[in-house]
Every structure is written in structure tokens, then in C-alpha cells.
Amino acid sequence: MSVNEKRAYLRKSLQTTAWVGETAAEDWHPVNLLDISVAGAAFLLRQALPGGVTRRFSFYLPKNPTRISFTAQIMHCTPHTYLSGYRAGVQIASIDASDLALIEQFIAQPGPTSDAA
């Protein structure tokens, strides 16, 4: 973890398609998952979402057929520095214990981790 790192949990870079939906609706929209931790994640969105709102997210980890889902609060959403879209940092609010265990196993695997904000 870098000296300037503010996060309490290590994040692991992961660039894959994910989906976001409103908590009460059944409509899902594709987004890109950029990194994941046991407490939060970063997504690349086409449109900005206001901080404080709660959304549902789902995705698949590499080489794992289990769909992981959780609800999370948008902590910040700003234009991405070099990609088209908005980088949203989310804090996990609710997740099934088995999905959390899969994320923990993924983070523990050898490979690059992310200090990017």
C-alpha cells in the first residue's frame, strides 16, 4: 500500500464487465469494474451518479462461474482522468457471505493490486 493510500482494505485491479441497477428495479446497465476490495469497488460508468445513492452491482470474477452481487453506496463519482466516462467509488452496504468469501479469495491470489484512487 502506498504512503498516500487512504483505503483501509487492499484493492485488486480487475477490468471486466459488470452491471449496475437501481435497487427497486429489474433493469441492469453494463459498466466496467476497475478494482475490488472486501469493502468497496471502483467502476467506470457512462453517466455520473450522485454520491450517497445506493445501487445494485453484479459481476463475475475471472475463471469463476458464480455471479457476485451486492448493494453499495456511491461514495464519489468524478470524470475519469483518461478514459471516457466517470469513475465511481462505491462502499459495499450489503453482500452475501459466500460472495464476500469469493472476493477475499480473489484478492489473496498472486497478481497486481491497485493503489489508484
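Which side chain does a polar contact of 2.8 Å join to that of R11? In this predicted model, the partner is D35. R11 lies in strand β1, which spans residues 11-22. The side chain of R11 also has a polar atom 3.2 Å from the backbone oxygen of A41. R11 counts as buried because its relative accessibility is 9%, and the cut-off for burial is under 20%.

The protein chain contains 1 helix and 7 strands. Their order along the sequence is β-β-β-β-β-β-α-β. Of the 117 residues in the protein chain, 38% are buried. Contacts between residues 24 or more positions apart make up 56% of those with a separation of 6 or more. The accessible surface of the protein chain is about 6,800 Å². Carbon and sulfur atoms account for 52% of that surface.

In soluble globular proteins, nonpolar side chains tend to be buried together. Here, the largest nonpolar core has 25 residues. The members that touch the most others are I36, F43, F57, F59, F70 and V90. Two or more core residues come from each of β1, β2 (28-36), β3 (40-45), β4 (54-60), β5 (67-79), β6 (86-95) and α1 (97-108). Strand β5 gives the largest share, 5 residues.

Conventions. Residues are numbered from 1 along each chain as its sequence is written. This is a predicted model: local features need pLDDT of at least 70, side-chain atom pairs count only at pLDDT 80 or more; totals for chains, interfaces and linings use all residues. Side-chain values use heavy atoms; hydrogens and water are left out. Helices (H or I, at least four residues) and strands (E, at least two) are DSSP runs, numbered from the N terminus. Buried means under 20% relative accessible area, exposed over 50%, partly exposed in between (1.4 Å probe, protein chains only). A polar contact is a pair of N or O atoms within 3.5 Å; within protein, one must be able to donate a hydrogen and the other to accept it, and residues adjacent in sequence count only if both atoms are side-chain atoms. A nonpolar core is a set of buried Ala, Val, Leu, Ile, Met, Phe, Trp, Tyr and Cys residues joined through side-chain atoms within 4.5 Å. Contact means heavy atoms within 4.5 Å. Accessible areas come from the Shrake-Rupley method with a 1.4 Å probe; for residues, only the protein chains shown count as cover.
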